[in-house]
Amino acid sequence: IALLDQGGVDRLENGDFQSGADRWHFSSPFNHLPWHIKNVWLEVLFNQGWVGLLLFSALIASTTIRLSRRLLHTDVTATALLTSLLGLLVVGAFDSILDAPRLVLMVTLAMATSVIVCQRPTRHRSTTATPPGEVAAPVPQATYVATAPSRLRPVHVQAPIAATGFKGKSWRASALHVLVLAVLVAVLTRLPIVPYNVRELLNPYHPVAAPVLLAIAVFWVFGFPAWSVRWLAAGRSRFVALPPAIVLYGLVGWVSLRYAVLPESIHDVVGSPVLGWPWDTEIMARLTTLLSTIGTPLMAGALLVTALNAERVGSTPVWLALFVALLFPVQYAVIVTWAGTDNLTELMASNASIGAFALLFLYVLVVATVGSMVAALRHRGGRTRIAIAAASLALSLPLGYLLLRSGTEPVVIKQGQVFSAMQFLFSTDRTQYASGVNLLARFAVFHVLFVGMVAWTQSVFWLPMADKRPTGKKADDGRANHQEKPAS
């Protein structure tokens, strides 16, 4: 195809289509459906690339966090805006919503309005009743100590101190949790209703130590990311410890799993060593990378809940997002491209594409966020937060099923049988694969147990980031002198 001007110059950049569909945009006035992507995230990726998708996701996430904070303060306007945004995203999961200028304008105005709403001051209700006939005293900004009959000097309350470790009582409580989980593991792995790949997990040569080591591994894999990301968010320059924290996380998980399960079980997941590296170095590197794909979404979910609870996070979300973006290609290369076995890749959709890998990553992120919300109720409860956590768990069921089903292979042909990856994961044996309502029920039970496991393990590590109340003698002096302030 050519378009020549008066001078004979072809004005078409790609008239011979040697560069594919570059410089061309196809449309049809009769059948427009084939040209709609029917998913807002893929639509943004197609139009603006990965950079545009990351910026759009950051805009959605920041708006949701801001409005959720206002929702906790019972702001009606924020409730309406957040509901509208979530409704838009639900429709956008199955339809094209940003291909019309009017819809784009409405979405932009809604997000701009949310910024204005979130900048309004929040009204806090006073918890102390004012006696009749008296004027309510203003909220004190500092604690005053009398140094002379007519002179007061302010004493600043001690700055919040981030929780950085466990005390003796916490260690004993953690050991009790591990012991309870070890007993549950020892019992569950012997039940016939449990999938066969779980029953064959424990190392039979260590019948007592294996359940304990596996329980330690579970608490470490699912609980440590919550503590680490909250520790990182408590300091301004602690983000430099993020890469070493991920490496330490993977290595400790590998050590506990190495002696809790048989080596063949680990090889079934990450593959047998093929590079000739000394000792277990190759398996250690593969399993550490695999664990990092679980740890990073768990850290992101815990950080998101920390931000929703209006706790200080600083620039940690930016550094964590950058670290996840840089680590994601390495994780995909080690787990899929350089895989030593097809036991994982054959279960991923579209020949283990990067899109399927990302969908499974998002599923873990959904579970991590809901689990962290439930774990945070240990220190910050209330009917509103409990209701939000319950609603989030209910919404995560269809969303998690959609992500897991889209990210796993629908048709697997192996040993003369045809089944889906979800049937393989949730069936009790290889002769009778669950399907239909039975498969949905098994997924629901697995999903709730997965969220519960994350919440349970993180509740042990979910220490308060700071204690904003004055303690000790200063607190007593502050209360006493605050009562004497009107007389002075």
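Is the crossing of α9 and α12 left-handed or right-handed? I looked this up in what is a predicted model, and the crossing of α9 and α12 came out right-handed.

**Entry: α9 with α12**

I took the geometry next. Helix α12 covers residues 354–376, and it packs with α9 at an angle of about 45°, the axes being 7 Å apart. The two helices are therefore oblique to each other.

I then listed who touches whom. From α9 the contact takes Thr293, Ile294, Thr296, Pro297, Leu298, Ala300, Gly301, Ala302, Leu304 and Val305. On the α12 side I noted Phe357, Phe361, Val364, Leu365, Ala368, Thr369, Ser372, Met373 and Ala376. Sorted by class, the contact of α9 with α12 has 14 nonpolar and five polar residues, with no charged ones.

**Entry: α9 with α10**

I stayed with α9 (residues 281–308) and turned to α10 (residues 316–337). Their packing angle is about 150°, and their axes lie 10 Å apart. An angle over 145 degrees counts as roughly antiparallel, so that is how α9 runs relative to α10. I logged this crossing as left-handed.

For the contact itself, α9 brings Arg286, Thr289, Leu290, Ser292, Thr293, Thr296, Met299, Ala300 and Leu303. They meet Thr316, Pro317, Leu320, Val324, Leu327, Val330, Gln331, Val334 and Ile335 of α10. By class I have eleven nonpolar, six polar and one charged for the contact of α9 with α10.

**Entry: cavities**

How many cavities of 30 Å³ or more does the count give? I got four. The largest cavity has a volume of about 80 Å³.

Its lining is made by Val269, Val270, Arg286, Leu290, Val334, Ile335, Ala339, Gly340, Thr341 and Leu344. The elements giving two or more residues to this lining are α8 (263–270), α9 and α10. By class, the lining of the largest cavity has seven nonpolar residues, two polar and one charged.

**Entry: α13 with α15**

Last, I looked at another pair. Helix α13 (residues 383–407) packs with helix α15 (residues 436–461) at about 115°, with axes 10 Å apart. I noted a right-handed crossing for α13 past α15.

In α13 the contact residues are Leu393, Ser396, Leu397, Gly400, Tyr401 and Leu404. Their partners in α15 are Leu440, Phe443, Ala444, His447, Val448 and Val451. The class count for α13 with α15 is nine nonpolar, three polar and no charged residues.

Definitions and conventions. Residues are numbered from 1 along each chain as its sequence is written. This is a predicted model: local features need pLDDT of at least 70, side-chain atom pairs count only at pLDDT 80 or more; totals for chains, interfaces and linings use all residues. Side-chain values use heavy atoms; hydrogens and water are left out. Axes are lines fitted to C-alpha atoms, for helices over the stretch in contact, and angles run from 0 to 180 degrees between N-to-C directions. Helices (H or I, at least four residues) and strands (E, at least two) are DSSP runs, numbered from the N terminus. Angles under 35 degrees count as roughly parallel, over 145 as roughly antiparallel, 65 to 115 as roughly perpendicular and the rest as oblique. A crossing is left-handed if the near helix is turned anticlockwise from the far one by less than a right angle, and right-handed if clockwise. Contact means heavy atoms within 4.5 Å. Ala, Val, Leu, Ile, Met, Phe, Trp, Tyr, Cys and Pro count as nonpolar, Asp, Glu, Lys and Arg as charged, and the others, Gly among them, as polar. On a 1 Å grid over the protein atoms alone, a cavity is a set of points where a 1.4 Å probe fits but cannot get out, and a pocket is an open set with protein on both sides within 12 Å along at least five of seven lines; lining residues have an atom within 4 Å of a point. Grid points are joined across faces, edges and corners, and a volume is the space filled by probe spheres set on the points.
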